[in-house]
Amino acid sequence: MKRRDLLNGLSLATLSLASARAQSVLGVTSDSAPAASAATGSGSQAAKLDDTVGEGFNRIVMIRWGDAVLPNAPPFNPDALNADQARAQFPYDGVIAAMISPPPAQDGIPRLVMVVANPAAPARMVFPGGIDNPAVAGRLQGATILNLQYMSGRWVTVDGGYQSRRITDGTLCEITGPVAPVIGSTVQGLLAPQAGCATPWGNVLLAEGHTAPWLKRLAGVGYGYDDPAQAPCFGWVSELNALHPESIPAKRTALGRFARAGIAATATQDGRAVIFMSQDAPGGYLFRFIAAAAPTTGGTSLDSGTLAVAQITAGGIIWLDLPGTIPALVGAVNAAAIAGGSAFDAPGGIAISADGGTIYLACAGNPARTAPDALNPRAGDGNGHIVVLMPPGGDVSAENFAGKVVLAAGNPATTAGTNYVAGSSGWLRKPRTLNLAATGELWIGTDQGGDTSLGADGLFVMQTAGPSPYLLTTAYLAPVGAAMGGVGFDRSTIFAAVRHPGATPAASFDDPATRWPTLLPNMPPQTTIIGLVRV
């Protein structure tokens, strides 16, 4: 088995101290992030050409766009990208979906399997001159499964590991559940997965986002993408056994069809699966699916159950069941509107505490909102907030949850209505991803869509218990144009995805806003999976 060099073939010994402190990808760094006062907004969180690592962490590089995933991957040639590169290398974009621990091996080496959703491949940032190549772009999106192992005191990726694979527009997928008899039992392709999560029974869920633009883009590629009848085969949640390299993604139609921004899985007290999902829209709905029966080895537990939508009340939410009909499942957003669901301000990431007693929801803000409510505190807001939902007695199947807003985002120096706990040493805009560490810390990743002119996107840590609940600190600031694509945890390492660096609104492949992580003039900016190692 070929193991990836710790620094992708580059020697740290050749670097000067100045280069290392500049936080180039070539070195491991520990510079402190500038602190910002939550009370005054003082301190700089401006986006830079390079990243900024918070106090108490070193940053290591795990894998970047163009690095090998499969053992036969050709060398990365971004100026002449082809389908062979795209299908075998780490893709342009990435959001960490799940971390799975495989059974212990006889050699005693700790191992992990990381599943990364790959939502986008914009022509302006991927191809020279912005000239699209849909056949290549389709291979750059989908999902990536990576093998990691712990060697010499740190995690490294494994070239050609047992589970390592790419799932793309050309991957055969199964379709199961109530809608399958109408739309078919198979389809080619997983399109635009925006998020994912691990399940209590060890599988991974990958949630497709806005698939219509991809269907239009891939119309001339094949697989029937030019057939309008294919559209209902996309926009679902796919279940995958990431530890089995030949497993087929299964699109579970009982969970409804809509573009998702976040997904999280837990279980009822009697063992039935519960899936929370957010709609990817400025005024999106929050959904809940409760399986009819406990998970089975056959993997059919998500093929029947009850889909519901949240309605905001004065003190939280109430769940409204949706019809289990095929029209309601295919048109889940319309069914939610008819049932009386409430719009959240761009709902995104969802995180659930280990005991199921607390659920966190990230909302990125909706400037079009005219009237605030109990869980959307500001009208005309484009900064976002964090909501906490509390099912009674930890019963995630309950009809009513209590809820409140625990953070109102924005720069306190310039934005009215911000709300941070006193003593917080950072501020943020547009929270998108949420992940809870075993210690109870809530890791918040932000995503301003590449427009980091008002401040860098980054990772922020919120305390959820102890003497200072909801206290916010800054762990990492991404380079200009970059967003954060979630985190994963193990040992003393926090894995994080730094998405599309340099992709500001006016940037292009030929003229990016930064060339991070290499900062080399002949290399494009690269989405990178990093590790933040506690020191």
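D373 has a relative accessibility of 27%, which makes this residue partly exposed (buried means under 20% relative accessible area, exposed over 50%, and partly exposed in between, with a 1.4 Å probe and protein chains only). Its side chain meets that of R369 in a salt bridge, 3.4 Å from N to O, and R369 is buried, with a relative accessible area of 13%.

Before we go on, a word on the model. This is a predicted model, in which local features need pLDDT of at least 70 and side-chain atom pairs count only at pLDDT 80 or more, while totals for chains, interfaces and linings use all residues. Residues are numbered from 1 along each chain as its sequence is written, and side-chain values use heavy atoms, with hydrogens and water left out.

**Salt bridges**

- The whole structure holds 17 salt bridges (a side-chain nitrogen of Lys or Arg within 4 Å of a carboxyl oxygen of Asp or Glu).
- R111 and D107 form one of them, at 2.9 Å from N to O. Both ends are partly exposed: R111 has a relative accessible area of 25%, and D107 stands at 46%.
- R217 and D132 form another, with their closest N and O atoms 2.8 Å apart. Because R217 lies in helix α6 (residues 212–217) and D132 in the loop between α3 (123–126) and α4 (134–140), this pair ties together parts that are 85 residues apart in sequence. D132 is partly exposed, at 32% relative accessibility.
- For a network of salt bridges, look at D93, D447 and R499, which are linked in this way.

- Helix α8 covers residues 332–339, and its buried residues are A332, A335 and A336. Helices here are DSSP runs (H or I, at least four residues), as are strands (E, at least two), numbered from the N terminus.
- Viewed down the axis of α8, these buried residues fall within an arc of 100°, so they line one face of the helix. The arc is that of the directions from the helix axis to the C-beta atoms.
- What do the buried residues of α8 pack against? Their partners are β17 (286–291), β18 (305–312) and α7 (326–330), where contact means heavy atoms within 4.5 Å.
- G340 follows α8, and its phi is positive, near 100°.

**A six-stranded sheet**

- Six strands form an open sheet in the order β9-β8-β13-β12-β11-β10, with mixed pairing. Two strands pair if DSSP finds at least two bridges between them.
- The edges are β9 (186–188) and β10, each of which pairs on one side only.
- β11 pairs with strand β12 (residues 237–240) in the antiparallel sense, over four bridges. Across this pairing, V204 stands opposite L240 in β12.
- T199 sits in the loop between β10 (193–198) and β11 (204–208). Is T199 buried or exposed? T199 is buried, with a relative accessible area of 8%.
- Leaving aside neighbours within four places in sequence, T199 is in contact with L205 and A265.

**R166, a buried arginine**

- R166 belongs to strand β7 (residues 165–167) and is buried, with a relative accessible area of 10%.
- Its side chain makes a polar contact with the side chain of T144, at 2.9 Å. A polar contact is a pair of N or O atoms within 3.5 Å; within protein, one must be able to donate a hydrogen and the other to accept it, and residues adjacent in sequence count only if both atoms are side-chain atoms.
- The R166 side chain also reaches the backbone oxygen of A143, at 3.3 Å.
- From R166 to A88 there are 78 residues in sequence, and 7.0 Å in space from C-alpha to C-alpha.

**G94 and its contacts**

- G94 lies in the loop between α2 (83–88) and β3 (95–100). This glycine is buried, with a relative accessible area of 0%.
- Which residues is G94 in contact with, leaving aside its neighbours within four places in sequence? They are V116, A117, N118, P119, G485, A497, R499 and T527.
- R499, among those contacts of G94, is also linked with D93 and D447 in the salt-bridge network.
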